[in-house]
Amino acid sequence: MSKFKLISQFKPAGDQPRAIKELIKSVQSGNRYQTLEGVTGSGKTFIMASVIEKIGKPALVIAPNKTLAAQLYSEYKNFFPENKVCYFVSYYDYYQPEAYIPVTDTYIDKEAMINEEIDRLRHFATSALMTRKDVIIVASVSCIYNLGVPETYFGATLNLKIDKPITRGDLIRQLVKMHFERTRPSLKRGAFRVRGDIFEIMPASEEIIYRIELSGQKVASMAFADYLNKSGQNFIPQREIIIFPPKHFISTEPERERAIKEIKAELKERLAHLTKSGLLLEAERLERRTKFDVEMIRAIGYCHGVENYSRHLTGKLPGESPSTLLEYFGVPNGFLTIIDESHIAVPQIRGMYEGDQSRKRVLVRHGFRLPSAMDNRPLNFKEFEERTGQIIFTSATPGDFEFENSKKVVEAVIRPTGLVDPEVEVRSVFDRKTGKSQIDDLIKEIEKRLPLKERILALTLTKKMAEELSEFLIARGIKARYMHSDIKTLERATILTDFRKGIFDVLVGINLLREGLDLPEVSLVAILDADKEGFLRSDVSLIQTMGRAARNINGKVILYADTFTGSIKEAIRQTNRRRELQIKYNKKHGITPKGIIKSVKDMIYE
């Protein structure tokens with residue numbers, strides 16, 4: 001019997017029943033790769049949820065960006081309310097990696113702003129994988145980055161039971177050893193406080209408080225309560241509690257001492273090489289920095305950039321691949337991997353390793369890091385394949401890798417709602433006869449839709465243009481906002497939720513408003529400067545962006561272009577081909593298209 005229970009008010013319709021059946025058959029036949037080529041609005045997430053329920057294995061769903069990951073997380077949570085659905089993305093709101101530019105002799109130190117809420121969700125994901133089998137993790141490509149050895153993480157957990165013998169001092173030492181911070185005032189994540197024989201502990205993974213009382217050097221009672229509602233009467237008694245470490249990188253004192261010896265040995269060898277090569281400045285720089293880091297690790301078990309010493313701290317061999325979220329799933333055949341919008345995500349996974357290594361080689365060459373820092377890295381694509389089992393790719397526009405490697409490609413063109421692909425119209429960027437620009441025309445189209453309470457997406461080429469267009473529309477009395485990569489992760493989810501609620505009517509963006517976003521209120525997608533050939537205006541990008549209007553019965557796409565580029569022609573050809581198939585199917589089966597009605601929920605918290 002499957003561990004997963006899919007709950008939905010909808011039944012498979014359109015191409016969904018066939019797609020579900022064929023994909024399940026392909027996976028059960030043992031095929032390594034399979035692809036779902038589904039148009040926007042065909043219910044690809046519902047199809048994948050149905051496959052997960054039938055296969056019954058834990059699932060890793062990889063999305064190409066945090067915004068899409070948040071939407072998928074919300075959708076899978078709604079489909080599987082009785083199972084564990086978790087969110088795992090990079091916890092940085094802002095991240096500037098360490099780098100060195102030799103031409104200008106410019107060193108850029110690592111800068112990062114960690115989002116505590118995302119860090120909590122990451123811990124929630126890894127702890128769920130350690131305790132349950134009915135787990136779905138929705139992740140960005142950060143899942144292929146160094147995370148810490150799962151055996152060490154699991155081995156450091158604290159398992160407490162009623163009547164378990166333990167002294168007050170031993171429990172304090174154990175919590176400190178796990179890297180919990182002792183505090184006296186209010187609690188925070190990853191901290192604990194002690195009042196007599198009563199301990200209050202707040203884990204890193206959840207906003208709850210564990211209350212543990214000792215008596216006679218034994219655990220006398222245990223309970224937990226919501227952190228925001230922690231009055232005494234709301235504590236729920238427990239007979240057993242498992243507390244996970246508040247950090248993924250865990251090392252004991254003996255392991256740190258061993259690592260320090262290895263770091264010193266590597267430093268000695270590297271300094272000899274640099275000195276022999278006449279690189280005295282590089283040698284002095286490396287010696288000063290490494291010795292400072294070693295003293296910090298010895299004193300507090302941590303230093304700025306400690307991840308660059310992860311090979312020594314984890315005891316791995318030179319060149320050995322890092323431990324990532326994938327190892328927390330267990331054996332590769334023990335879980336199913338779904339790569340959403342694979343035409344973007346697969347190249348991302350392929351490119352992460354080379355980009356990281358190129359930057360680190362420069363740092364090592366100029367004495368900013370030891371060579372072992374090269375092993376603090378993401379997985380390369382071969383390692384990714386070795387650590388995953390069966391994979392399902394999903395996309396409206398699959399790439400070459402998917403088509404070349406998939407034993408089964410399933411197409412889903414017919415939507416359950418009967419909706420057809422939106423009508424596409426090409427208009428001039430500047431009309432010489434009327435003297436009107438694409439912005440003038442866009443405002444006219446927006447004003448037509450405002451009384452109907454429909455939403456509009458406007459796509460520009462740059463961040464600056466997105467911001468300026470948003471400001472211009474606001475000055476004209478139109479409620480608008482912009483969204484691009486500079487917007488913080490959780491704020492993006494809030495913007496999309498507010499957009500759907502009608503708090504504002506026009507969302508201006510660049511690249512984040514393409515793949516996978518489910519915005520059924522959008523009736524117009526306006527692509528400015530559509531004839532500027534390049535990544536943002538390729539046929540794949542145009543098809544993906546045009547698809548945002550495919551969930552509304554009044555959906556329409558306007559391409560502002562003075563010339564018909566090859567990409568525009570191909571995008572329109574593909575759209576018209578699908579429209580013909582959809583209209584023919586509706587006519588044959590007497591289907592009247594109807595718009596998608598979908599409740600608006602917070603992507604992360606509901």
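Guide: Helices (H or I, at least four residues) and strands (E, at least two) are DSSP runs, numbered from the N terminus. T45 lies in helix α2, residues 44-55. This is a predicted model, in which local features need pLDDT of at least 70 and side-chain atom pairs count only at pLDDT 80 or more, while totals for chains, interfaces and linings use all residues. Residues are numbered from 1 along each chain as its sequence is written, and side-chain values use heavy atoms, with hydrogens and water left out.

Visitor: Why does T45 count as buried?

Guide: Buried means under 20% relative accessible area, exposed over 50%, and partly exposed in between (1.4 Å probe, protein chains only). T45 has a relative accessibility of 14%, so T45 counts as buried. Contact means heavy atoms within 4.5 Å; leaving aside residues up to four places away in sequence, T45 touches L72, E75, Y76 and F79.

Visitor: What makes the pair T45 and E75 a polar contact?

Guide: A polar contact is a pair of N or O atoms within 3.5 Å; within protein, one must be able to donate a hydrogen and the other to accept it, and residues adjacent in sequence count only if both atoms are side-chain atoms. The side chains of T45 and E75 are joined at 3.1 Å.

Visitor: Why is Q217 called exposed?

Guide: Q217 has a relative accessible area of 56%, and is therefore exposed. This residue sits in the loop between β13 (208-215) and β14 (218-226). The phi of Q217 is near 60°, a positive value in a residue other than glycine.

Visitor: How is the chain divided into domains?

Guide: The bounds come from an automatic or database domain assignment. They give domain 1 (13-148 + 316-410), domain 2 (157-241), domain 3 (251-298) and domain 4 (421-587).

Visitor: How much area do domain 1 and domain 3 bury between them?

Guide: Buried area is the accessible area (1.4 Å probe) that two parts lose on being put together, summed over both. For domain 1 and domain 3 this is about 1,000 Å², 49% of it on carbon and sulfur atoms. In domain 1, G367, F368 and L370 lose the most area to domain 3, together 48% of what that side buries.

Visitor: What makes D293 and R369 a salt bridge?

Guide: A salt bridge is a side-chain nitrogen of Lys or Arg within 4 Å of a carboxyl oxygen of Asp or Glu. The side chains of D293 and R369 meet at 3.6 Å, N to O. Between domain 1 and domain 3 the count is 2 salt bridges.
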